[in-house]
Amino acid sequence: MQAIDIGHVTLERDGTGVFSDLTLRLTERRIGIVGRNGAGKSSLIRLITGLVTPQKGRVVVNGVDVAADRAGALGTVGLLFQNPDHQIIFPVVRDEIAFGLEQKGLKRAAALARAEAVLAAQGRADWGDRLCHTLSQGQRQLLCLMSILAMEPDWILFDEPFNALDLPTALSIEARIAGLAQNVVLVTHDPSRLTGFDRILWLEGGRIEADGPPAEVLPRYIAAMQALARAGAC
Ligand SMILES: Nc1ncnc2c1ncn2[C@@H]1O[C@H](COP(=O)(O)OP(=O)(O)OP(=O)(O)O)[C@@H](O)[C@H]1O
């Protein structure tokens, strides 16, 4: 059973209270997260990835305690950051993809071979020698996605992956996400990206404001955001 279990989690980041006694079980294949700036969306997916550790409670993904078992977490859950430049650390594409695999314990030759296989599977066999900084923003997003796919995680988390992408590139990334065999958790400010999803979480101030299917949650969310806009919230 694929499951993310967040049990009685309290999280503070630099003294700021983000979550207090949050309990949540996620098992659906396509889960969307919406909410205003500062609602806790990024903090939640960082918790699920094990990148931030709760002061209280546990986060267990497919049986792996992601904060305690970093190696286990690497093979279980992958996160695509909002900005690919926060993720890419190597100059050359092949090395960038191979790095995570080496962290996971693969020998360098095997990691490089797997990187080539992932590039080929995504129709980018010619990218191996490319310098990462010569790729466009959308291409760098795709590179980050390939780095994650190479690790074969059960869950892939996306933190606003469409930001700063032009429409065709955003649609192409959206289609790739839709085609993934893995379970997906997608944070986005754009509700139209979530219509075919199984479950939507709407966060407000570190609380779950609403939790249910898109047809139930998204119209309420959009109406609330429109009301805020009318009230001059920004
Ligand atoms: N690195 C950090 N250090 C300290 N506080 C943080 C840090 N990151 C986030 N926070 C705080 O945690 C709370 C939730 O922020 P978070 O980034 O999770 O919200 P978000 O819903 O993802 O917002 P956005 O839509 O703007 O990305 C905010 O009060 C924020 O100030």
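I looked up T76 and found that T76 is buried, at a relative accessible area of 6%, where buried stands for under 20%, exposed for over 50% and partly exposed for what lies in between, with a 1.4 Å probe and protein chains only. The model is a predicted one, in which local features need pLDDT of at least 70 and side-chain atom pairs count only at pLDDT 80 or more, while totals for chains, interfaces and linings use all residues. Residues are numbered from 1 along each chain as its sequence is written, and side-chain values use heavy atoms, with hydrogens and water left out.

I placed T76 in helix α2, residues 70–76; helices (H or I, at least four residues) and strands (E, at least two) are DSSP runs numbered from the N terminus. Neighbours within four places in sequence aside, I found T76 in contact with V61, N62, V64, P153, D154 and W155, contact being heavy atoms within 4.5 Å.

Next I turned to the aromatic rings. I noted two aromatic pairs, by the rule that rings of Phe, Tyr and Trp (its six-membered ring) pair if their centres lie within 6.5 Å, with planes under 30 degrees apart counted as stacked, over 60 as edge-to-face and the rest as tilted. F90 and F99 form a tilted pair, 5.1 Å centre to centre with 45° between the planes; F90 is partly exposed at 30%, and F99 is partly exposed at 28%. W202 lies in strand β9 (residues 199–204) and Y221 in helix α7 (residues 214–230), so the pair ties together parts 19 residues apart in sequence.
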